[in-house]
Amino acid sequence: MEPLMAIGVGLLYATAIFLMLRRSIVKLVIGLMLLSNAANLLIFTTAGMTRGAPPLIPKGMSAPLGDVADPLPQAVVLTAIVIAFGVLAFAVVLIRRAYEIVKADDLDKMKDTDT
């Protein structure tokens with residue numbers, strides 16, 4: 001399962017970089033969104049894809065019994081999802097405002113500051 005996820009993460013990264021190198025600002029933002037999703041999947045994949053119980057320690061024991069799931073990657077990915085949504089919302093507002101001023105979606109036309 002993990003090699004398949006690694007291939008999927010690689011494809012997401014490749015697609016994200018391809019879209020971020022396009023001239024359209026909408027494709028740039030879609031690539032940014034795919035890049036953040038690929039990073040989240042990479043964290044999950046490197047943390048291990050084994051299923052386990054919650055990491056609860058029974059009373060009187062010093063360690064949990066059996067396999068447990070690591071909560072740290074889940075917390076990191078949850079935080080990354082919230083941050084990525086905030087960045088995406090800001091980028092969409094920025095795109096809308098830039099399109100209203102420049103009247104173009106092309107990044108090369110947005111280089112001129114005399115609008």
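Start by selecting Arg 22 and Phe 18: the charged end of Arg 22 sits over the ring of Phe 18, 4.3 Å from the ring's centre. Keep in mind as you look around that this is a predicted model. If you go on to search for aromatic pairs, the count for the structure is zero.

Next, colour the spans that UniProt's unreviewed entry lists as "transmembrane region": residues 6-21, 28-52 and 72-95. Begin with residues 6-21, where the chain is 94% helix and 0% strand. A distance drawn between the end C-alpha atoms of this span comes to 23 Å. Then move to residues 72-95, which are 100% helix and 0% strand, with end C-alpha atoms 34 Å apart.

Now for the largest pocket, which holds about 210 Å³ of space. Colour the lining by class and you will find six nonpolar, four polar and two charged residues.

For the last stop, follow the chain to Lys 103, in the segment after H3. Check its backbone here: phi of Lys 103 is near 65 degrees, a positive value in a residue other than glycine. Is Lys 103 buried or exposed? Lys 103 counts as exposed because its relative accessibility is 61%, and the cut-off for exposed is over 50%.

Terms used. Residues are numbered from 1 along each chain as its sequence is written. This is a predicted model: local features need pLDDT of at least 70, side-chain atom pairs count only at pLDDT 80 or more; totals for chains, interfaces and linings use all residues. Side-chain values use heavy atoms; hydrogens and water are left out. On a 1 Å grid over the protein atoms alone, a cavity is a set of points where a 1.4 Å probe fits but cannot get out, and a pocket is an open set with protein on both sides within 12 Å along at least five of seven lines; lining residues have an atom within 4 Å of a point. Grid points are joined across faces, edges and corners, and a volume is the space filled by probe spheres set on the points. Ala, Val, Leu, Ile, Met, Phe, Trp, Tyr, Cys and Pro count as nonpolar, Asp, Glu, Lys and Arg as charged, and the others, Gly among them, as polar. Rings of Phe, Tyr and Trp (its six-membered ring) pair if their centres lie within 6.5 Å; planes under 30 degrees apart count as stacked, over 60 as edge-to-face and the rest as tilted. A charge sits over a ring if NZ of Lys or CZ of Arg is within 6 Å of the ring centre and within 35 degrees of the ring normal. UniProt positions are given in the numbering used here, feature names are shortened, and annotations may be inferred rather than shown by experiment. Helices (H or I, at least four residues) and strands (E, at least two) are DSSP runs, numbered from the N terminus. Buried means under 20% relative accessible area, exposed over 50%, partly exposed in between (1.4 Å probe, protein chains only).
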